[in-house]
Amino acid sequence: MNAVAEPLRVMLLVTGLGRGGAETQVVQLALELRGRGCEVCVVSMLEPAAFAGELALGGVPLHSLRMRPGKPGLRGLWRFLHLLQTTKPEVVHAHLFHANLLARLARLISPVPVLISTLHSLAESGRSSSDVRLRDWLYRLTDWLSDRTVSVSEAVEARHVECRAVSSRRSRVIPNGVRAELFVKTPEMRAEVRAELGLQDEFVWLAAGRLMWKKDYATMLLAMAGGVAGTLLIAGKGPDEEALRAQAESLGVRVRFLGLREDIPDLMNACDGFVMSSVVEGLPMVLIEAAMAGLPAVTTNAGGTRDVVRDGETGFVVPVRDAAALRAAMQRLAAMPAEERRRMGEAARCAARERFSISKVASQWEDLYRGCLGEAASRLLP
């Protein structure tokens, strides 16, 4: 009889908990692992701004180190070390730059059996290229403290290995995962949401994500201004909102800013196409969600977007910062017969379910956790 594997004790450490792609992935992974019987807790360096209710409902403890943005302090480090001592995780799994660095430094003081770092973007940084170089250097300096550094896409891995921020020997790729059951299309819900938004029979585009430079919504608005059919809905908030609203007004484009939304699956059900104009990405969760919802997408070739959208099959991929190319692809999708668009969306859904369902992704993580624990145990043998 095969022995049943013991439940794992896993701590997921993240820089903060807001409505972002990486943060959503942390929460979905925590809930999936908890459903498999693992002892899981989530630790946020900053005060959580979202997901507390979802984690509590799923029976996942949430801790905050109560750190302040841009102000590292010893109190936060002490709180983290105290949590390590009290919860005694077998695996510490860190997400995003600051959490990755904190976990590595803490391991020098309070060893844990396995430490895994996750890279969620081509460049987890601000606009400054010097900032990128500093972070790459810090990753390189502390790489040996992590048992594995996992990238969410091959593009993310390639960039970090090429600049020697990550050792190829300890590098691995595991994609983001999404709960497929959340994205169910029904004609009734589609009609209800469109009626609530005052939409008629026009083609409706959806874009979703933080209103910031990495998403390059300015190029998207320029593309819309060139005569793309339909209305554009933008769900999200961010530092560029005021400038984008002013740009949209000056261009006279048909766009509505919806702010933060908790009903993205319902919005996707109500829309006809998804559009993304990012210049920097890792493996965008919202693009996977659009595919799960059966939405054909037009996206820029940023990070791992080609892992989700197969050009000409499940949508279209265009160069970054090219409003003309983005416009042409959007016009091409909007002009397709409805049945052809439906087939493209269904192909996107099938491909996403095959590769990006959270159950399959969590299995990869669990295999990695157990493999690293086995390596750690073998190092202790005489």
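Predicted model: local features only at pLDDT ≥ 70, side-chain atom pairs only at ≥ 80, totals over all residues.
I looked up the accessible surface, and for the chain it comes to about 17,100 Å² (Shrake-Rupley method, 1.4 Å probe). Carbon and sulfur atoms own 54% of that surface. Residues are numbered from 1 along each chain as its sequence is written, and side-chain values use heavy atoms, with hydrogens and water left out.

Next I checked burial. Of the 382 residues in the chain, 54% are buried, meaning under 20% relative accessible area with a 1.4 Å probe, protein chains only.

Then overall size. The C-alpha trace spans about 70 × 55 × 35 Å along its principal axes.

I found 48 positive side chains (Lys and Arg) and 43 negative ones (Asp and Glu), with His and the chain ends not counted. The centres of the two sets sit 5 Å apart, placing each charge at NZ of Lys, CZ of Arg, CG of Asp or CD of Glu.

On β11 I see parallel pairing with β8 (residues 204–208) over 2 bridges; pairing takes at least two DSSP bridges between the strands. Leucine 206 has phenylalanine 274 of β11 as its bridge partner. Strand β12 (residues 297–300) also runs parallel to β11, joined by 3 bridges, and there valine 275 has valine 298 as its partner.

Note on methods. Buried < 20%, exposed > 50% of the residue type's maximum accessible area, 1.4 Å probe, protein only. Helix = DSSP H or I, 4+ residues; strand = E, 2+ residues; numbered from the N terminus.
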